[in-house]
Amino acid sequence: MTAIYILWLRELKRYTRSRAQIIASLGQPMLYLLVLGFGLGSVFQRAGFGSYLQFIAPGVIGMSVLFSSIFSGLGLLWDRQFGFLKEMLVAPVPRIEIMIGRTLGGMTVSVIQGLLVLIIALIVGFRPVNWWHIPLAIVFMLAISMVFAALGVAVGSSLQDMQGFQLIMNFLVMPIYFLSGAMFPLAGQSWPLKIATRIDPLSYGIDGMRSMLLGTSTFTPLTDIIVLACAGAVLLLVGAYRFSKIQI
Amino acid sequence: MISVRNLVRTFDAFTAVNDVSFDVAAGEIFAFLGPNGAGKTTTIKMLTTLLKPTSGTMVLDGLNPLADKNEVRKRFGIVFQDPSLDGDLTAQENMDFHGVLYHVPHKLRKHRTEELLKIFELWDRRGEQVKKFSGGMKRRLEIARGFLHTPRILFLDEPTLGLDPQSRNQLWTHVKKVNEAEKVTVFLTTHYMDEADRVAHRIGVIDHGKLVTQGTPAEIKEQTGTRTLEDAFLKLTGTTIRDESASATDNMRQFAKMWQQGGRR
């Protein structure tokens, strides 16, 4: 158990120590919120969907949770790179504990990141319809971070070096984001897009957050949480399996 | 302390370690020498549970590394060829992290961390992030960390690679000191023959995966009729240069150089 704790603590320490990177990582969500939120606002309003800033805020929170959780898993590559992975793998600790510690650390960091974006959104004018639902929105942040931290570990364990990183970014992370309905409503699309958005687990996470913060959703919150839990369970198993197979 | 019999490891058609047998007595400093790609690191990987042998048996401190993986892991410390510290953590935190992973009780951990960091002359810098350390300091920290959980055996895979003569000298002085004080068996590899000559009680020479000879430095020099260990080594292993192809890790290091700043996450 102490191994899980120390690995979790390490992730947290590394996060809080990289102040410059925390600020840098908030730049992108701020751009989305401000430029898209206000830029597309009038078009969205005229189309009869209401305030775009309100609509996009849960999506942007979901985006930053997605990015930081998937990168926490891919951080394995950096540990491999800087040799620290060997220190962990040769220790008298079951690998599953190492994987759990890392994943919990990544989830914690991602939720903190999500909360920071929520605060920024509140500052620029986002208002949840029900303040008491914010803790429930955090539950969805946790669920999203679990799914994608596990996916990150699975992918990070399977790659030997950083060469594949751009591929992962462009063909996995960005599609997950763009297909999640973070930026557009999930209703009323052509069928290929409809199928793609429904396969993407992030769709359910963002839908869940929207139903908590805005009171509107495409699926029901129960569906959302069940899908996320199942996706999370499967990816954790895959991640643990891939992690157990790492050779150094 | 270490006993290896008929150890073999093949990678597809290539035999990296071919029928190697040797013994290392408790408290001994044993140097494993060989040109690049001779099979040194592969042997260390097998002894340290990171790689399964194709065939052969190994016994470490009375245990089989294949069967009692975690028990064996508690009994050895290892300093890898490449650095394995977390640069974002401080020296103290790197020690703590290791201590927790190896189940060293809190009090003992504190005590030993202080003791070892003082021996390796890092105590004053314990609160600094490791990424600010010089190469020599990092190596010293890694070796201090390797001793933290009072292992019975310490593996050192080319620990002095890339260090200046001063750091190398100091490092071996420290290793010898702890070896004598704690009766730790040391298994090391190095390319510097003068170091092996000075530090090691016994030496094994490996080439093309086969153990060519073993004995004390004096015995090996006598056996080959040479004056220095360097000459003896060249006589035993020839003068051809061995080239290794770049591994995935090498490629990644190249990539990381381009991303050095802010590359992490």
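## Where the two chains meet

In this predicted model, 26 residues of chain A are in contact with 27 residues of chain B; two residues are in contact if their C-beta atoms, placed from the backbone, lie within 7 Å. On chain A, the elements that give two or more residues to this side are α1 (2–17), α4 (52–81) and α5 (84–89). The largest share comes from α1(A), with 7 residues. Helices here are DSSP runs of H or I with at least four residues, strands are runs of E with at least two, and both are numbered from the N terminus.

Sorted by class, the side of chain A that touches chain B has 12 nonpolar, 7 polar and 7 charged residues. Ala, Val, Leu, Ile, Met, Phe, Trp, Tyr, Cys and Pro count as nonpolar, Asp, Glu, Lys and Arg as charged, and the others, Gly among them, as polar.

The complex gets an ipTM of 0.87 and a pTM of 0.87 from the predictor. Chain B averages a pLDDT (the predictor's confidence in each residue, from 0 to 100) of 89, and 91% of its residues score at least 70. Within chain B, confidence is highest in helix α3 (residues 91–101), at a mean of 96, and lowest in helix α10 (residues 248–258), at 60. Over residues 260–265 of chain B the pLDDT is below 50, and this stretch has 7 contacts beyond near neighbours in sequence.

Residues are numbered from 1 along each chain as its sequence is written, and chains are lettered from A and ligands numbered from 1 in the order in which they are written. Local features need pLDDT of at least 70 and side-chain atom pairs count only at pLDDT 80 or more, while totals for chains, interfaces and linings use all residues.

## Inside the core

The largest nonpolar core has 135 residues. Such a core is a set of buried Ala, Val, Leu, Ile, Met, Phe, Trp, Tyr and Cys residues joined through C-beta atoms within 7 Å, and buried means 20 or more other C-beta atoms within 10 Å of a residue's own (exposed: 12 or fewer; partly exposed: in between; C-beta atoms placed from the backbone). A:Ile144, A:Val147 and B:Phe155 have the most contacts inside this core, and α4(A) gives the most to it, with 17 residues.

Leaving out residues up to four places away in sequence, A:Val147 touches A:Pro201, A:Leu228, A:Ala231, A:Gly232 and A:Leu235.

## One helix to look at

Helix α6 (residues 95–124) of chain A has 30 residues, and its end C-alpha atoms are 44 Å apart, which agrees with the 44 Å that it should span at 1.5 Å a residue. α6(A) is followed by A:Gly125, whose phi is positive, near 120°. The expected span is 1.5 Å times one less than the number of residues.
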